[in-house]
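Hi,

Here is the structure I promised to pass on.

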Amino acid sequence: MERLNTTSAAQAAAPDDIMQALRSEIDACDTLLTEALTRRLKASVRIAAYKKEHNLALYFPEREAAILDKISARMEESPYGDLVRTFYKDLFRLSRNIQMKHVFPHNIVLIGFMGSGKTTVGHALSDMSGYTYYDVDTLIEQEEGRSISQIFADFGEPAFRTLERNMIKRLSDKEYAIISCGGGCVLDTSNIVNLRQKGKLVWLQGAPEILYERIRRQATRPLIVNKTFEDIRQMLENRKHLYRDAADYQMSTDNKPVNTIVAEILNMLTQRQED
Ligand code: S3P
């Protein structure tokens with residue numbers, strides 16, 4: 001027993017040294033990385049402040065693409081090129097997040113008629129800004145354990161509106177959030193009052209023909225089942241003034257790719273601010 005211990009101690013000495021040296025190498029890299037990252041993130045915040053002061057667009061995808069190109073050229077011979085590019089994409093997202101927090105420290109609330117793109121745009125905005133995405137209808141469905149259509153069928157629209165009001169009240173308290181609301185949230189002014197406390201409201205607009213085309217075949221919206229184009233056009237017409245009155249900003253989503261809409265929204269929000 002004694003002999004075995006002595007032998008293994010002698011044998012372990014060399015690997016331990018190697019391990020120690022490798023760990024020191026990692027520690028040295030981490031020191032460099034944390035210093036470099038801190039320096040880089042500080043520069044990002046200063047750039048955000050500069051852009052805010054000079055009313056420049058916050059989101060400038062060409063610059064990110066140019067950085068990635070440089071990194072790719074530098075990593076051409078390396079087996080880690082793809083990994084480093086993935087890391088940089090995460091880093092860009094972190095940078096955009098701290099820039100956004102600096103320039104636009106409000107929730108972004110998406111309102112608009114059914115089919116205007118709130119969910120799709122909301123997800124993409126969240127991805128771009130690093131703000132957390134909340135979808136009012138989805139959260140209601142999760143809590144109730146049934147779909148919006150089922151809630152309408154089982155309890156009726158007034159009960160749904162109560163659930164919607166309660167959910168909006170809770171979400172209005174979030175910070176650095178993207179909140180996507182159901183198309184009828186503007187019917188109740190208390191929703192708008194709540195959402196305004198920490199958020200700016202963006203109305204996603206669409207032409208009735210385009211909205212109708214997007215929603216007509218979907219069975220998930222109880223209010224449009226068996227409705228004609230004329231019904232939908234009329235419903236939108238009736239609500240338009242509510243969206244207009246509630247909105248701090250507005251943006252048409254017709255015939256634009258999601259990335260364009262998101263870039264336009266981010267730049268609109270960060271370049272034009274009332275406060
Ligand atoms: C509604 C819109 C729906 C959903 C519910 C009622 C409305 O949300 O909240 O079916 O009154 O416009 P989307 O706008 O996300 O479809």
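Before anything else, a word on labels: helices are DSSP runs of at least four residues, numbered from the N terminus. By that count Ile18 belongs to helix H1, which covers residues 2-53. Please keep in mind that this is a predicted model.

Since we're at Ile18, let's stay there for a moment. Its relative accessibility is 54%, so Ile18 counts as exposed, the cut-off for that being over 50%. Together with Met19 and Leu22, Ile18 makes up a nonpolar patch on the surface, and the three share about 290 Å² of accessible area.

Now the ligand, which I guess you'll want to zoom in on. There are 13 residues around the ligand, and those that come nearest are Lys118, Asp137, Arg161, Arg221 and Arg239.

- Lys118: an N or O atom of the side chain sits 2.5 Å from an oxygen atom of the ligand.
- Arg239: a polar side-chain atom is 2.6 Å from a ligand oxygen.
- Arg161: an N or O atom in the side chain is 2.7 Å from an oxygen atom of the ligand.

Taken on its own, the ligand has 380 Å² of accessible area, and the protein covers 94% of that.

Is Arg161 buried or exposed? Its relative accessible area is 14%, so Arg161 is buried, as anything under 20% is. If you skip the neighbours within four places in sequence, Arg161 is in contact with Gly184, Leu187, Leu223 and Arg239. That puts Arg239 both among the contacts of Arg161 and among the residues that come nearest to the ligand.

On to charges. Side chains of opposite charge can pair when their charged atoms come close. How many salt bridges does a search of the whole structure find? The total is 14. Here are some to click through:

- Arg165 and Asp188 meet through their side chains, at 2.8 Å from N to O. This pair links distant parts of the chain, with Arg165 in helix H7 and Asp188 in the loop between strand E3 (177-180) and H8, 23 residues apart. Arg165 is partly exposed, at 30% relative accessibility.
- Glu175 and Lys198 form another salt bridge, with their closest N and O atoms 3.4 Å apart. Here too distant parts of the chain are linked: Glu175 is in the loop between H7 and E3, while Lys198 is in helix H8, 23 residues away. Glu175 counts as exposed at 52%, whereas Lys198 is partly exposed with 31% relative accessible area.
- Glu213 and Arg216 meet in a salt bridge at 3.0 Å, N to O. Glu213 is partly exposed at 40% relative accessibility, and Arg216 is partly exposed at 40% as well.

There is also a network: Glu157, Arg161 and Glu164 are joined by salt bridges that share partners.

Two last stops. Asn194 is in helix H8 (residues 189-198) and has 14% relative accessibility, so Asn194 counts as buried. Leaving out residues up to four places away in sequence, Asn194 touches Lys169 and Ser172. Glu209 is in helix H9 (residues 208-215) and is partly exposed, at 47% relative accessible area.

Cheers

Conventions:
Residues numbered from 1 in each chain as written. Predicted model: local features only at pLDDT ≥ 70, side-chain atom pairs only at ≥ 80, totals over all residues. Heavy atoms only, no water. Helix = DSSP H or I, 4+ residues; strand = E, 2+ residues; numbered from the N terminus. Buried < 20%, exposed > 50% of the residue type's maximum accessible area, 1.4 Å probe, protein only. Contact = heavy atoms within 4.5 Å. Patch = residues over 30% accessible without salt bridge, like charges linked within 9 Å, V, L, I, M, F, W, Y side chains within 5 Å. Areas by Shrake-Rupley, 256 points an atom, 1.4 Å probe, with all protein chains shown as cover. Salt bridge = Lys/Arg side-chain N within 4 Å of Asp/Glu carboxyl O. Near = heavy atom within 4 Å. Polar contact = N/O pair within 3.5 Å; in protein donor to acceptor, adjacent residues only side chain to side chain.
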